[in-house]
Structure formats: C-alpha cells, structure tokens
Amino acid sequence: MATAEQKLEKRNEKIKQKALEKQRIRIHDRMNAYEKKHKRERKIAPKDSFISLQHINKIYDNHVQAVFDFNLEIKKHEFIVFVGPSGCGKSTTLRMIAGLEDITSGDLYIDKTYANELEPKNRDIAMVFQSYALYPHMSVFGNMAFGLKIRKVPRVVYDKEGNEVKEIAKGLIRDYKREKNKLTKFLAEAQKENKEEQIKLLNEAIKELDEKIEYLSTHEVTKIRNQHLPKEEIEKRVTEASEILQIKEYLSRKPKALSGGQCQRVALGRAIVRNAKVFLMDEPLSNLDAKLRVSMRSEIIKLHNKLNATTIYVTHDQTEAMTMATRIVVMNKGYIQQIGTPIEIYNHPANIFVATFIGSPAMNLYEVELDVDSIVFENGLKIKLPHEFSLASTKFFEEYPIELEKELAEYEENFAERNELRDKINHLREVLAKQNKDLVKNLINKEIEKLTHELNVVENSDEKRNYLINAIKEYKETNVNTKRKLVFGIRPEDIYQEGHVDTEGTLSQKFDLDISVAELLGNEYFLHCDFANKEIVAKVTAKKLINVDEKVSIYLDLSKAHLFDKISTKLIK
C-alpha cells in the first residue's frame, strides 16, 4: 500500500508532466500560428548568402522540439560541418535543408530562392547518406546514372538545322506578372502599416519585374524546354565521375561485390553526376574503418575543391570537423553552441561543452578560485596568471548577471502555465475577501491551497526558470572584489616537458609530476599524471622512452590557458 509521501510524489509528478505537456503544446501552437501568418509576408533573400537559415525551429507532432532557433549564413563554395553528439539536431537540420523534413518555423533560402515549400527534387541538392542507399539490383553505372535518367532538366531547343529556336517567352512573362501581383498586395499591406524599409524593397522588386516584363514582351529569347538528358550526356557524366573517384573498373559490378569504401565512392559519384548547387552529406564515413575514413576524408576534400561545390557535412567526429571544414557549427541538445573556423573554435571555445568536445585528448579542466591574479586549486596549489584574466573575470561578473535578469523577466512574462495559475489564485483571494460565510471561505481556502501547491510544482518543474533564478542568486552572492569560483582549462598540447618548451607565451612555474599512464602514439606520448589531486593529460614529443612511475617536469603555457564561468560554463578568457 502506497504511503502518503509516495502518493504526494505521484501527484506532483502528474502535475509536472501535465504542465510540461501544456507548455510544449503552447509553444508548438504559437510557432504554427506565427509561421502561418509569416508565410504570407514577402520573402527577401539575404544578398551575401548562398544558403541562409533564419530562425529555423523543428517541432515534431508529439510536440518535442529537436532544433531551436537555428541561424546560419553560408557563402558559395564553403565546406560547412555540423558536429555534435548523437541526438543534438544536426541530421534533422540537414534533412530540413534537403526538404526531407518540414520546417516548423523559420526561413530557408537556397541561392536567393525561398525554399521552405520547394519539393526536394526542385532544390537542386545532391545528398550522400550514411547507409550508402545503393540499389542492390543495379550495377555501379546504373546506380550513378539512375537519378539522371529519371530527372528532366531545362535544355535549349534546336531546329532541324541545329540553330537555337527563339520565341517570346509568354510563360515567363505570365509568371513575372503573377509575382508582380503578389508584390503589389504586399506593398499595399506595408503602406498601411508604414513599414518604410519593406516599402522600399518591394518598390525596387516591382520595378525590376516591370523591366523584365517589358524586355521579354519585345525581345525573343532562346526557347528552353524540360527534357531528359541524352544517353551520351549521362554516359559522359558517369564516366567522368567514376574517373575522379577511381571506380571506373567497377562500373559493371553490383554493390554486393564492392567493399564499404567502394560503396561510399559510388554514393559520392551518384551525387557528383547531378552537378547540383549543394552537396549534403550525413555522416558518410561512419560505417568505414579508421584507416579508410582517413583516406576518404582527403578524397572528399579534394572532390569539394575540384567541383568548387557548396557542401554541408554532418558528423559526430570532431577530427573530421577540424580537418575538413571551412567553418564548424557545434551543436548540443538542439542549440547552436558556436560557429567559427576550426582554429577559432579550437583556440577560443565559447563554453566548456565546446572546449571538451573539440580537441583530442580533451581539454584538462579544474575547479579553482581566482584570487586577485592567481588561481588556487582545491588542494591549495597556486598559479599566478597574467593580469588580463582578472580584468576579464571582473567584467564578466559585472555584465552577464544583468543579461540573465532581463532574460528571466522576459521568460516569466511568457510563462503562461505559471501565470494562469497565479491569476486563478489572485481571483480567488479577491472573492475570499468579499465572502462572509465560513463554509464558502473554507472551500475557497482549500482551492487556493490546492492551486498554490500546483503552482509550486509547475514553477519547480521548469528547468530553464530554475537555472536563471539560481544563477542570478549565485552571481549576486559573488563579490567581484574577493575570490571567485571558476573553471581553469589547459589543452594537453599547451603543456610542455622541460627541455622542449615551444612557446613565447607566459609559462607557469615548473611542476614535477608522477606518470601513471604513458600512451605512445608513434612520435608523441599522452602522459597521464597526478596534478592538484586530479589527473592531467600532457601531449609531449617521444624523443626518448618514457616509463610509468617515472617523474616528468612540465610547464603550463598560461597564454593559451582558459578561464570559464562555473555557473553558466561560458568562456571568460
């Protein structure tokens, strides 16, 4: 038989789940309502981006959100890598770009075209899947040619003498007139609401359409018709792609007669022959062994450079991200953590998650107290830091809590489930104040007590609100003029063995440490040592044999050290 405590716990859990479900439904409904209205507005593509993702959100039918407010501008010919742990939303975002997943809210532009409602086949995208997705009954040639055989493409029409056919493009004129009518309606709405910037952009767009309509009405242009590619063109493309990927001798084989690496090359070849604007790759190397992954990485980079393509590549492997990307997008739990070049993300990680996810071995982290210009470890060890660390810390603790207070105020204002309960309680209290009958008073008090309990459970079940409240409280209790609790980080490669110091930066004092594990990786060692009552990993050159239980003398390169805020995990310096 359940105890009173167990019954209360069960009741609280029921209230919590109900509140969370209501919150998810509210956010989903609000997003759908916004998107319905937003779709009717004029879509203007950004000028400097080839692919633009603006405030992209993805919520599934069960109201679970997978991607939160994703914003990214991609230039032509970039190699963008989405990296993060499993379930962070990277593949979902890629599938939204491909058109294989609907976008709940937000705007996607591909080559200046609003692409939210474009069919996948009309997005001019080639995709390479993790599982290769080859047709087992077709040869390599058949797999690579299949997409070309079924697809119609715009082609110039020639007469019997081989001359280009010219005509007045009535269909195009009709399309432009239809677009102009839409813009005219948008313009009327913008003029009613006095949206000056929109009015200016719409007038420019209408003027441009008028010029096109006038030109096309008086000038004949080359006739274009959607046609299947000729057999010779298909064979030429497949042969060229097979030569690039070094699989020409396998064109007659079936997939079952190929190795994993060869199958992956066929999948890449199928994408190459399309001559698409964008290549999307969803963990294409994850099924290959380590040696093959290394060689295929370089093949894909060469391919990207040769085709001068725009590529978006998804992986959970930070080595692939660091070696292949023009820019990296680090994701976690559906949120973008940081966007930057590999060197920017490596040298200046935005938070502890990025610092530990990027880099192998991971960054060494220690909880410390900052005391003026020195950090003090848990065992009392003290290291003096350059003065700029202290200045950055003071600035952070003065400015960041103000941002959090604004965020909390906005969050509580929009916390509908909490506000609804508070309004009910306040209304009942007003009714209670005017009531004289004891019986009715007791009933109202019981209802207030029940709703107050429900309110407390709802408030305590909201993780973000709790984080904001607790964080603000901790920041207020922190005196910027006294010791501050922080997290100190140093990468293994920024730790130098005595006699092998390779930096002009500020060094720590020398530390003589006991080696517990020495991992030899050919030309370098990963040394695991005891430091400040915790393990530290140092990456040092393998100039001589190092044994376990030996001592090693090391220095920390403080110019490359990092300080993180313990509460928010954000980078301070």
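Helix H5 (residues 196-218) buries Ile 199, Leu 202, Ala 205, Ile 206, Leu 209, Ile 213 and Leu 216, where buried means under 20% relative accessible area, exposed means over 50% and partly exposed is what lies in between, taken with a 1.4 Å probe on protein chains only. This is a predicted model, with residues numbered from 1 along each chain as its sequence is written. Local features need pLDDT of at least 70 and side-chain atom pairs count only at pLDDT 80 or more, while totals for chains, interfaces and linings use all residues; side-chain values use heavy atoms, with hydrogens and water left out. Helices (H or I, at least four residues) and strands (E, at least two) are DSSP runs, numbered from the N terminus.

Back to H5: its cover includes helix H4 (170-192) and strand S9 (221-222), which sit over the buried residues through contacts, meaning heavy atoms within 4.5 Å. H5 has 23 residues and reaches 34 Å from its first C-alpha to its last, close to the 33 Å expected at 1.5 Å a residue; the expected span is 1.5 Å times one less than the number of residues. In the loop between H5 and S9 comes His 219, which is partly exposed at a relative accessible area of 35%. Leaving aside neighbours within four places in sequence, His 219 is in contact with Glu 167 and Ile 168. The C-alpha atom of His 219 is 75 Å from that of Leu 527, a residue 308 places away along the chain.

The buried set of H1 is Ile 15, Ala 19, Leu 20, Gln 23, Arg 26, His 28, Met 31, Glu 35 and His 38.

Helix H12 (residues 387-413) has 27 residues and runs 41 Å from first C-alpha to last, close to the expected 39 Å at 1.5 Å a residue. There is a kink of about 25° at Phe 397, shortly before the proline Pro 401; the bend at a residue is the angle between axes fitted to the seven residues ending there and the seven starting there. Both Phe 397 and Pro 401 are buried, along with Phe 389, Ser 390, Ala 392, Ser 393, Phe 396, Tyr 400, Leu 404 and Leu 408. The buried residues of H12 pack against strand S15 (364-371), H15, strand S18 (484-490) and strand S24 (562-565).

H15 (residues 463-477) also meets helix H14 (residues 438-461), at an angle of about 80° and with the axes 5 Å apart. Axes here are lines fitted to C-alpha atoms, for helices over the stretch in contact, and angles run from 0 to 180 degrees between N-to-C directions. H14 and H15 are therefore roughly perpendicular, a label for 65 to 115 degrees; under 35 counts as roughly parallel, over 145 as roughly antiparallel and the rest as oblique. Glu 459, Asn 460 and Ser 461 of H14 make the contact with Glu 463, Arg 465 and Asn 466 of H15. By class, the contact has no nonpolar, 3 polar and 3 charged residues; Ala, Val, Leu, Ile, Met, Phe, Trp, Tyr, Cys and Pro count as nonpolar, Asp, Glu, Lys and Arg as charged, and the others, Gly among them, as polar.

Ile 80, in strand S3 (residues 79-83), is buried with a relative accessible area of 0%. Not counting residues up to four places away in sequence, Ile 80 touches Leu 72, Ile 74, Thr 311, Ile 312, Tyr 313, Arg 327 and Val 329. Thr 92, in helix H2 (residues 90-98), counts as buried at 14% relative accessibility.

On the backbone side, the peptide bond from Ser 360 to Pro 361 is cis, with omega near -5°, and Pro 361 falls in the loop between helix H11 (352-357) and S15. Asp 69 has a positive phi, near 45°, despite not being glycine; Asp 69 belongs to strand S2 (residues 65-74). Asp 124 likewise has a positive phi, near 55°, and is found in the loop between strand S5 (113-114) and strand S6 (125-128).
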